[in-house]
Amino acid sequence: MDLDLLWTIQLSPLLAFLLITLLPKALKKTAPMVGIGLALAAALASLKLFSLHADGAGMPQEYMRPWFEISRQSLWPFVEIQNYSLSVGFLVDRLNLLMIMVVTTITFFVQLFSFYYMAQDESRGRYFGFLSFFSFAMTGLVLSSNLLQTFLFWELVGLTSYLLIGFWYQKPAAADAARKAFVINRLADLGFYLGILLLFILFGTVDFLKLEQNVLTQTLPASTLTILGLLVFTGVMGKSAQFPFHVWLPDAMEGPTPVSALIHSATMVAAGVFLLARAFGLFASSQTTLLVILIVGSLTAVTGAVLATVQRDIKRILAYSTVSQLGLMVMAVGAGSAVAGMFHLTTHAYFKSLLFLTAGAFIHRFHTNDIFEIACGGGKKELLPLGALLLGLASLCGVFPFAGFFSKDMILEVLRERGVIFYGISILVSFLTVYYSSRLLFVILFSPARETRHGKHHETWVSQISGSVPLVMLGAISVIVGLQGTSVFDFKILRWLGGHETHLNIQILWTTTALIVGGALTAFFLFRDPALAEKRLREDQGILRRVLERKLFIDDVYQFLVKKVVLKLASLLDWFDRAFVNGVLVNRTSYLILGVGRWLSRVQTGFLQDYLTWALTAGLAVLFWTIHLSSGKL
Amino acid sequence: MNLSDSLQSYFFISAALLGLGVFGLLMRRNLVAMLISLELILNSASLNFVALNRFCLADKSLGQVFTVFIVALAAAEVCIALSLVLWLYRKKESINVEDANELKN
């Protein structure tokens, strides 16, 4: 039963992808139906699987079959020989049951919303095909039983991310963004791959269940564990957009908005945090690794939050907000609490995809990403998206009793125990979060709606439903899912993840409330008249503004590195290739063979008698040889 | 004892023919002379067949049949070779083998 459900979850998106790809042109219109239907099947199957194991008994389960084995001789000669064998299969435990539920439900809602959002797009079929393929890769990533299998799906997920960012490939910005995301992720995945290889060679297995902290610390020296953990963490930094690899995520907003909701906020970028929790034993076995994770997380959280405060593009605000929230999750894991990280991942997945779909609704309605223009167009008159935006932002800021409140407070608490610096950083990030959220809200809310420039779409009731149901459902879920971590629902989600129950910490409650009020007041003071604020913003030429406009110069640093270092290195390698590989190895070999050939061609004199002489000599030699042999035998 | 009754004398003649043939084939530059030398080599082989047939074989026809084959083969071969030589002569006004080196280089 379990296995059937797992196969359903894993293969129905793939089936959707194949069906959509193979559909004849005349039937391309049904592509959204295929995608949505099979996404629903996967979501239902994962809900069923979850309900079967709601008590958490009999976990973890593995359904494995051998993949390949490596003989002793073929590997490293200096390392102690272990039994190198790899299995492939599903691993089901509490962690990925939760994750698979998050992934499949959000996928379903996003597919449904895409039906509304992409209704006018010519290449809908391609879009839904890629989206289904992404969902296949993502479920594969979540259900993988070992690191190498995870890595394969990790790359597939990266590929679909590339394809979907560059979905409108005629736009140069989209094509560039796709390339940027791809290249940065490859760079990071190189580290990840090296980490997996090293772990496999040194430890003998990459199965998640065997990566236990105490076993690892007994088998391997501490420095090796640090290196292994950091290498694997490099991959996480790429995928989860951690500093300094975060630069691809804001640019990835060039893709269609539902894609941003699904891939670049809820699921794929969270895969890094998921991996941190999945292989927590590996990271936890070295204190240095955890400290580095914590520091990188803090840098990311601060960078994202600071940059989110100056963006005008609604999707970019949300993208930087995602970066900063991912930083918070990574901080939580780095502080030693994978539970807090996963809890925030879950709530964040729901409310951030809600926010992105809301942004999508605004963009679809007003054909612009600029918040000031949306506001002028009459954004506040769109009641459903506005409500959803309010709900999502309240969750994001951590207003009681919305989802973000519980998960973020848990992270704050974890960080407070870890140390005062990191606590301070998280407080700062929370403050900035409230500030940019309120800014977004106030700009839309307080702008006078000048004109309604864009005529209403002629929407059928089907597309109206598909445009509004996901918002309502995701909003409802993001309220409920936060309460799962409280005493109201008996700390269900925390117990489920194996964490302890937390009590409402009064001090933190006061701190966050003060933060929310403070941030909101600051934003209110600055943006109570958006038109004035915009004018002031345009005139301001201060140094702070310039630094923030240039995104803290991180892109410039990349530009510099690529131009001065990478290209120099490339030209050096180019010279090496031309001079040594081509010049010495290839050309010398051919010259040698040419020379030998020319020398041998002297045999061909053009005189018949010379050839005859050669032939007769050879014949005689053969004759003598034969006689010699036969006489030797006798 | 009659000389014609011993196998060795036939072998001697056959070897002499072969030697002459090979010598002529290698030393002469005239294509017709080379063909004649070739015939000498073939004849030495035929002679061997007939001689061995006579002295060593119970069935007295096998070697002779072979010889007849060789003669027929030689005729055919000479036919082709002479026509080639003729063609070469028409083209080059010479049947010196050293002039026929178009394939060199």
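**Exercise 1. Helices H5 and H11 of chain A**

Determine how helix H5 (residues 147–165) and helix H11 (residues 271–278) of chain A are oriented towards each other in this predicted model.

Solution.
1. The two helices pack with their axes 13 Å apart, at an angle of about 180°.
2. Angles over 145 degrees count as roughly antiparallel.
3. H5(A) and H11(A) are therefore roughly antiparallel to each other.
4. On the H5(A) side, the contact involves A:Leu147, A:Thr150 and A:Trp154; they meet A:Ala271, A:Gly272 and A:Leu275 of H11(A).
5. Sorted by class, this contact of H5(A) with H11(A) holds 4 nonpolar and 2 polar residues, with no charged residues.

**Exercise 2. The interface of chains A and B**

Describe the contact between chain A and chain B in terms of its buried area and polar pairs.

Solution.
1. Chain A contributes 9 residues to the contact and chain B contributes 11 residues.
2. About 800 Å² is buried between the two chains, and carbon and sulfur atoms give 70% of this area.
3. Between chain A and chain B, 3 residue pairs are in polar contact, both residues at pLDDT 80 or more, while the count of salt bridges is 0.
4. The side of chain A that touches chain B has 4 nonpolar, 5 polar and no charged residues.

**Exercise 3. A salt bridge within chain A**

Locate the partners of the salt bridge between A:Glu254 and A:Lys171.

Solution.
1. Over all chains, the count comes to 11 salt bridges.
2. In the pair of A:Glu254 and A:Lys171, the closest N and O atoms are 3.3 Å apart.
3. A:Glu254 lies in the loop between helix H9 (248–251) and helix H10 (257–266) of chain A.
4. A:Lys171 lies in the loop between H5 and helix H6 (172–203) of chain A.
5. The pair thus links distant parts of the chain, 83 residues apart.

Note on methods
Residues are numbered from 1 along each chain as its sequence is written. Chains are lettered from A and ligands numbered from 1 in the order in which they are written. This is a predicted model: local features need pLDDT of at least 70, side-chain atom pairs count only at pLDDT 80 or more; totals for chains, interfaces and linings use all residues. Side-chain values use heavy atoms; hydrogens and water are left out. Axes are lines fitted to C-alpha atoms, for helices over the stretch in contact, and angles run from 0 to 180 degrees between N-to-C directions. Helices (H or I, at least four residues) and strands (E, at least two) are DSSP runs, numbered from the N terminus. Angles under 35 degrees count as roughly parallel, over 145 as roughly antiparallel, 65 to 115 as roughly perpendicular and the rest as oblique. Contact means heavy atoms within 4.5 Å. Ala, Val, Leu, Ile, Met, Phe, Trp, Tyr, Cys and Pro count as nonpolar, Asp, Glu, Lys and Arg as charged, and the others, Gly among them, as polar. Buried area is the accessible area (1.4 Å probe) that two parts lose on being put together, summed over both. A salt bridge is a side-chain nitrogen of Lys or Arg within 4 Å of a carboxyl oxygen of Asp or Glu. A polar contact is a pair of N or O atoms within 3.5 Å; within protein, one must be able to donate a hydrogen and the other to accept it, and residues adjacent in sequence count only if both atoms are side-chain atoms.
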